[in-house]
Amino acid sequence: MSRQANRGTESKKMSSELFTLTYGALVTQLCKDYENDEDVNKQLDKMGYNIGVRLIEDFLARSNVGRCHDFLETADVIAKVAFKMYLGITPSITNWSPAGDEFSLILENNPLVDFVELPDNHSSLIYSNLLCGVLRGALEMIRKPRCTADT
Amino acid sequence: MAVCVAVIAKENYPLYIRSIPTENELKFHYMVHTSLDVVDEKISAMGKALVDQRELYLGLLYPTEDYKVYGYVTNSKVKFVMVVDSSNTALRDNEIRSMFRKLHNSYTDVMCNPFYNPGDRIQSRWTKRMLRVLASSGHS
């Protein structure tokens with residue numbers, strides 16, 4: 001991924017529509033192959049996990065953030081640095097649990113779901129489950145083993 | 001105010017057709033169907049040499065005593081037909097053009113939905129809402 005030594009924080013621009021359409025084609029093909037929303041969700045999570053374990057290296061190399069001291073900081077870094085860097089959006093952090101070990105990320109305009117309308121026969125499909133997998137994979141690699149991702 | 005809006009596929013079957021006065025819908029379906037001949041005539045009249053420069057908006061297809069029918073063809077041969085009340089004389093050409101452009105934009109958004117197969121009838125909730133807004137805002 002870091003082929004050039006002085007790449008720094010430069011990011012290549014690409015069409016977001018191609019990205020959205022690619023993800024949409026991926027999900028619909030999975031739906032056709034598995035025909036069962038639960039299996040599709042599981043596959044999306046697995047794929048996301050594989051992306052996450054690799055993406056975390058790129059993220060740490062590009063963003064130069066230091067070690068987070070507490071979970072609150074982790075949440076901030078995920079929302080403000082990571083999502084901004086890769087998807088160009090900043091989700092909002094809400095819904096902290098009383099013990100401070102769970103929170104929700106609300107994505108206002110998720111580029112993955114532009115133009116998408118879930119038909120009625122896929123009501124239990126978690127369309128953006130790939131993102132959950134990515135978060136799970138990335139956080140596991142930096143040793144947060146009890147991290148689970150939910151939508 | 002547009003009383004009927006229709007989206008017709010390349011093979012000349014309707015993907016979406018909706019008329020505002022819900023009684024006597026068949027009359028509008030028939031009108032749209034007959035307007036397809038006029039559309040084909042206009043497309044072929046342009047000639048093969050001018051295909052690149054052909055404008056998407058076809059203009060008034062034919063007037064009847066109560067209604068006027070306007071047409072618009074995309075480069076992928078999907079046709080949009082709009083039936084407008086004749087009594088609404090305030091409706092200008094560029095307003096019709098902008099309505100067709102909005103229709104074209106909402107059609108491309110439906111196409112971008114990964115769960116929509118090209119050639120299916122358009123049943124998306126979002127499109128229905130959009131088209132309803134379009135039909136009711138014709139007299140702005």
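Modeller: Start with the terms for secondary structure: helices (H or I, at least four residues) and strands (E, at least two) are DSSP runs, numbered from the N terminus. On that basis chain B reads β-β-α-β-β-β-α-α along the sequence. That gives five strands and three helices. The model is predicted, and local features need pLDDT of at least 70, side-chain atom pairs count only at pLDDT 80 or more, while totals for chains, interfaces and linings use all residues. Residues are numbered from 1 along each chain as its sequence is written, chains are lettered from A and ligands numbered from 1 in the order in which they are written, and side-chain values use heavy atoms, with hydrogens and water left out.

Colleague: Why is B:Thr22 called exposed?

Modeller: Buried means under 20% relative accessible area, exposed over 50%, and partly exposed in between (1.4 Å probe, protein chains only). B:Thr22 has 57% relative accessibility, so B:Thr22 counts as exposed. Its place is the loop between E2 and helix H1 (25-45) of chain B. Of the 140 residues of chain B, 46% count as buried.

Colleague: What makes a set of residues in chain B a nonpolar core?

Modeller: A nonpolar core is a set of buried Ala, Val, Leu, Ile, Met, Phe, Trp, Tyr and Cys residues joined through side-chain atoms within 4.5 Å. The largest one has 22 residues, and B:Val7, B:Phe80, B:Phe100 and B:Ile122 touch the most other members. Strands E1 (2-8), E2 (14-19), E4 (67-73) and E5 (79-85) and helix H2 (93-112) each supply at least two residues of this core. H2(B) gives the most, with six residues. A second, separate core has 20 residues, including B:Val3 and B:Val38.

Colleague: Which residues is B:Phe100 in contact with, leaving aside its neighbours within four places in sequence?

Modeller: Contact means heavy atoms within 4.5 Å. By that rule B:Phe100 touches B:Tyr57, B:Tyr70, B:Gly71, B:Tyr72, B:Phe80, B:Val81 and B:Met82.

Colleague: What makes B:Asp93 and B:Arg97 a salt bridge?

Modeller: The rule asks for a side-chain nitrogen of Lys or Arg within 4 Å of a carboxyl oxygen of Asp or Glu. Here the N to O distance is 3.3 Å, and the pair passes. Both residues lie in helix H2 of chain B, four residues apart, about one turn of the helix. B:Asp93 has 39% relative accessibility, so B:Asp93 counts as partly exposed. B:Arg97, at 28%, is also partly exposed.

Colleague: How do you know that A:Lys42 and A:Asp39 meet in a salt bridge?

Modeller: Their N to O distance is 3.8 Å, inside the cut-off. They are separated by about one helical turn, because they are three residues apart in helix H2 (residues 37-63) of chain A. A:Lys42 is exposed at 52%, whereas A:Asp39 is partly exposed at 27%. Over all chains, the search finds six salt bridges.
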